[in-house]
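Have the structure open as you read.

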Protein chains: 2
Amino acid sequence: MTDKIRPVPEALPDAPAVPVKRSRRSGGGLTLRDVAKLANVAPITASRALNTPDAVSPAILQRVRDAVERTGYVPNMLAGGLASKKSRLVAAVVPTITGSVFLEMVQSLTESLAASGYQLMLGQSGYQNSREDALLEAIIGRRPDGVVLTGIMRSAQGRRRLLASGIPVVETWDLTPTPIDMLVGFSHEKIGIAVADFLHQRGRRCVATLSANDERAVRRNKAFADRARELGMMAAGADEMSSCIVPAPTTLGSGRSGLRELLARNPRIDALFCSSDMMAIGVIMEAQAQGIAVPDQLAVVGMGDLSFSRDVNPALTSVRIDGTVIGNTAARYIIARSDGKLVSEPVCDIGFTIMEREST
Amino acid sequence: MTDKIRPVPEALPDAPAVPVKRSRRSGGGLTLRDVAKLANVAPITASRALNTPDAVSPAILQRVRDAVERTGYVPNMLAGGLASKKSRLVAAVVPTITGSVFLEMVQSLTESLAASGYQLMLGQSGYQNSREDALLEAIIGRRPDGVVLTGIMRSAQGRRRLLASGIPVVETWDLTPTPIDMLVGFSHEKIGIAVADFLHQRGRRCVATLSANDERAVRRNKAFADRARELGMMAAGADEMSSCIVPAPTTLGSGRSGLRELLARNPRIDALFCSSDMMAIGVIMEAQAQGIAVPDQLAVVGMGDLSFSRDVNPALTSVRIDGTVIGNTAARYIIARSDGKLVSEPVCDIGFTIMEREST
DNA sequence: ATGAAAGCGCTAACAG
DNA sequence: CTGTTAGCGCTTTCAT
């Protein structure tokens, strides 16, 4: 498979009749002026025909549209954004895109935004927050109409810069009484408590956690452990016996090794709360490999409710977070702000659901 | 959890000493002029200090940097892009982000681009190509410095618009003698042939395929089937007996139901080539549920080599595509173009590897 | 090495 | 409803 150097061709429309004085580097692209000239109107009228067709007479509208059609003109939204202070760009920051937990939100964000003419810029901060500063600068420099953050921005420096930039911000996947701006999330503490109660009701009496070293997962686990102790399902202060922490991102493999480690420390464990579905499925597989019956001997609860969790065998009980709702809501908030509408209560707790399946 | 309406505060630096005539809507943000004034230099000098520090005396460089530091100034790259015709934005189009096959490429693109100061815009075309036209307009309108396409652009209309836009394009995940511009991919036909040979060498004699209705998967399967017939592993013209097509996106569940259907049609099947790892794992699970031994009675080959495929039991044999290499290479091509360097042979076949594991 | 002038392509503001 | 004017914030070009 070989090929030549392929110079990028430039599409030149029919040269305008009247050559205009152009001292700098023009000629590159078709502009609104060219279209306007072709339609015999002023540039601003052509602009209106494209952006606010109702504000223009049908005859002119038609002429402009014809001109656009004939030339293949595509408006330069960078220039438009500069003039109107609306870039129609929205930035989303996720720790990492692989690992699939945030995918549903990103997908729904992309779609909701696209439906209203906005485009998503994607940024990955990494779990160790190292690049976060440079990323923030790159984002703010593009003057997006909104920024969607995964999690709460913890660095005071970051909060300050975002605040100073004046860009609408939506923090997600968590709750806080002091958001930078807007918030769409859920309570990790409530999840921990709910899962503990859930397992207790199903008769489990010796529970443990397998979790990433991620801050949110740690908070879920603490709430879970506190409640579990209240319910007598976990020995006081027995953290080493009943909790295993693995580095993010979690994998199926870390689920398998995690279960081995936990069982080595405490073979009497009869229920396990995992910080991701991937790990939970690894746990189920390892249990099967060791001849431990799920759910009879060991109940397993995952987190995130990945699409395939219902298809594994036994089907996995998991805490479902509706990423689609997060994405939609965040998009709505930002678009409303961008349209000048003041969002009255830009804080939303979307809650969660424990999807009970065979693994418990 | 309640909260007040939170007006977005505007960060105002110390007011400039000399009030400038500003008839329109200014005052919103800090500009290069403000920084320049603070540093007692012309705006263009401040610009040079930030963009080409070597072209400026050390003393001035320091003054400008101080001013930036004091004010928290972040350059407006939209304005910069308009003036310099370099947006430092790159668009990536994927069918869908969920389904994880393209994630590795997107991640690597994001990172490689970020490392050179470029930002990724993400677009989802959907598998049914319906939104592709609007998406293309949205992308071209932002004047990105490059577009990365997943797969070959087949719509003639789309090819024309992209070509006319003059934007560097990288098509990926496939090969073609007639790319729009640049190309980083691999041969789906070769994969089909290689997998057929692979299974034949391992003694399989009655093979079948389970595949999405995706165009690339269909081409892999055709090559696979042709070779399988040559090798006597598949009856001539027995498409219904040895091939099952499911709608994209593929899921674990479609793997399970797919295997049931194939076995109903032909119980003698001893090897199965699946168009995704997700489906392949579903096949393994269904086989286990039915008491069919993998690999003894049934060999299973996946496609995509997802990270967890090596962790399932039995570990899945899969065709590995290095998405990281695709992303890196595409980013390199675009950045080189954007820097004015002519890429000499902008076509790259990255190949593939059959990762042999327990499932065969 | 530094600066003045002139736009990049578009739209807000204000006429008519 | 349509047009004129004056920028948005930055960088190119051309002087000095």
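In chain A, α5(A) passes α13(A) in a right-handed crossing. Helices here are DSSP runs of H or I with at least four residues, strands are runs of E with at least two, and both are numbered from the N terminus. The pair, α5 (residues 103-115) and α13 (residues 323-338) of chain A, packs at an angle of about 35° with axes 7 Å apart. Those axes are lines fitted to C-alpha atoms over the stretch in contact, with angles running from 0 to 180 degrees between N-to-C directions.

Who meets whom? On the α5(A) side the residues include A:M105, A:L109 and A:L113, and on the α13(A) side they include A:I326, A:G327 and A:A330. A contact needs two C-beta atoms, placed from the backbone, within 7 Å. The residues of this helix contact split into seven nonpolar, seven polar and one charged. For that tally, Ala, Val, Leu, Ile, Met, Phe, Trp, Tyr, Cys and Pro are nonpolar, Asp, Glu, Lys and Arg are charged, and the others, Gly among them, are polar.

A couple of housekeeping points. Residues are numbered from 1 along each chain as its sequence is written, and chains are lettered from A and ligands numbered from 1 in the order in which they are written. As this is a predicted model, local features need pLDDT of at least 70 and side-chain atom pairs count only at pLDDT 80 or more, while totals for chains, interfaces and linings use all residues.

Nine residues of domain 2 of chain A touch 11 residues of domain 3 of chain A.

Now look at A:M279, which sits in helix α12 (residues 277-290) of chain A. Is A:M279 buried or exposed? A:M279 is buried because it has 31 C-beta neighbours inside 10 Å; the cut-offs are 20 or more for buried, 12 or fewer for exposed, and partly exposed in between, with C-beta atoms placed from the backbone. Beyond its neighbours within four places in sequence, A:M279 has contacts that include A:L210, A:T250 and A:C274.

On to the two chains: 68 residues of chain B are in contact with 68 residues of chain A. The largest share of chain B's side, seven residues, comes from α5(B). That side divides into 33 nonpolar, 20 polar and 15 charged residues. Strand β2 (residues 119-124) of chain A runs antiparallel to β2(B), joined by three bridges, where pairing takes at least two DSSP bridges. A:M121 stands opposite B:M121 there.

Most residues other than glycine have a negative phi, and most peptide bonds are trans.

| Site | Feature | Angle |
|---|---|---|
| A:V294 to A:P295 | cis peptide bond | omega near 10° |
| B:V294 to B:P295 | cis peptide bond | omega about 10° |
| B:N40 | positive phi | phi near 60° |
| B:K85 | positive phi | phi near 60° |

B:N40 lies in the loop between α1 (32-39) and α2 (43-51) of chain B, and B:N40 counts as exposed because it has 11 C-beta neighbours inside 10 Å.

Notes:
A crossing is left-handed if the near helix is turned anticlockwise from the far one by less than a right angle, and right-handed if clockwise.
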